[in-house]
Amino acid sequence: MKLSDIESKNLKEGQPGELEGDITHDIIDILRDEGITVEMLVDTALALYAPHPGIETRELAEERFLEELHIALSDPNLCMLVYAGVLLEKEGVAGTLPNISKSSYEKDLTFLIVDEVIGMSIAKYISGDKGIFEFVRFDKQKPGILADLGPFMDDVIGGLIGGVSASMYTRSMAEAARKDAAEKKKRHDSNLGGVIAG
């Protein structure tokens, strides 16, 4: 039997397509309560900044990173992934994670990979394979706040920064390429304007 042969039922038919009600908890506020500010995220991201078309200066990169962070965190699914990491970190500190001792959590044992999986999932959710590449860069070097965070949160925040950074570079380069193409077309069109058909 193929998946296409299975009759599907829309069990969520009639449900609203958008969030309802007031949002009482914002992930930025939750992270701030955990000692992680937007400024720290920006500083950590820019620690590995490399100039690219469209973000040739740190000022432009900071502005673009903040834009991309806002876009990413407007998605409640991403916010819940980040929040899952926050809760796992709290449970680790309390020694109440399932099937793992507090001392194993504190040692961040190499055979425990769930923290890396969550970080990669966050990065990939935001910007695909490019996000994973950036996550690995940040995870290996642990700049800024990443060096001070616990076993879960360093990967959660590394995934967030990696995914947002990848989006920052990708969108900036695409916009620079579009601008360059428009300028070339304008020059080409102005050069054709002086040609007289014979």
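Colleague: Which residues form the negative surface patch?

Modeller: Happy to walk through it, keeping in mind that this is a predicted model. The patch draws two or more residues from each of α2 (38-47) and α3 (58-72). Its members are E39, D43, E59, E62 and E63.

Colleague: Which element gives the most to the negative patch?

Modeller: Both α2 and α3 supply two or more residues. With three residues, the one that gives the most is α3.

Colleague: Is E39 buried or exposed?

Modeller: E39 sits in helix α2 and belongs to the negative patch. Exposed means over 50% relative accessible area. E39 has 53%, so this residue counts as exposed.

Colleague: Nice. And E134, buried or exposed?

Modeller: E134 lies in helix α6, which spans residues 114-141. Buried means under 20% relative accessible area. E134 has 6%, so the answer is buried.

Colleague: Which residues does E134 touch, leaving out those up to four places away in sequence?

Modeller: Good follow-up, since E134 is buried. With those sequence neighbours left out, its contacts are G162, S165, A166 and Y169.

Colleague: What does I36 touch, with residues up to four places away in sequence not counted?

Modeller: I36 is in the loop between α1 (27-33) and α2. Its relative accessibility is 3%, so I36 is buried. Its contacts, on that count, are L31, L41, I145, L149, M153 and I157.

Colleague: What separates the C-alpha atoms of I36 and L60?

Modeller: Along the chain, I36 and L60 are 24 residues apart.

Note on methods
Residues are numbered from 1 along each chain as its sequence is written. This is a predicted model: local features need pLDDT of at least 70, side-chain atom pairs count only at pLDDT 80 or more; totals for chains, interfaces and linings use all residues. Side-chain values use heavy atoms; hydrogens and water are left out. Helices (H or I, at least four residues) and strands (E, at least two) are DSSP runs, numbered from the N terminus. Buried means under 20% relative accessible area, exposed over 50%, partly exposed in between (1.4 Å probe, protein chains only). Contact means heavy atoms within 4.5 Å. Patches are made of residues with over 30% relative accessible area and no salt bridge: like charges are joined within 9 Å, nonpolar side chains (Val, Leu, Ile, Met, Phe, Trp, Tyr) within 5 Å. Accessible areas come from the Shrake-Rupley method with a 1.4 Å probe; for residues, only the protein chains shown count as cover. A salt bridge is a side-chain nitrogen of Lys or Arg within 4 Å of a carboxyl oxygen of Asp or Glu. Lys and Arg count as positive and Asp and Glu as negative; His and the chain ends are not counted. The place of a charge is taken as NZ of Lys, CZ of Arg, CG of Asp or CD of Glu.
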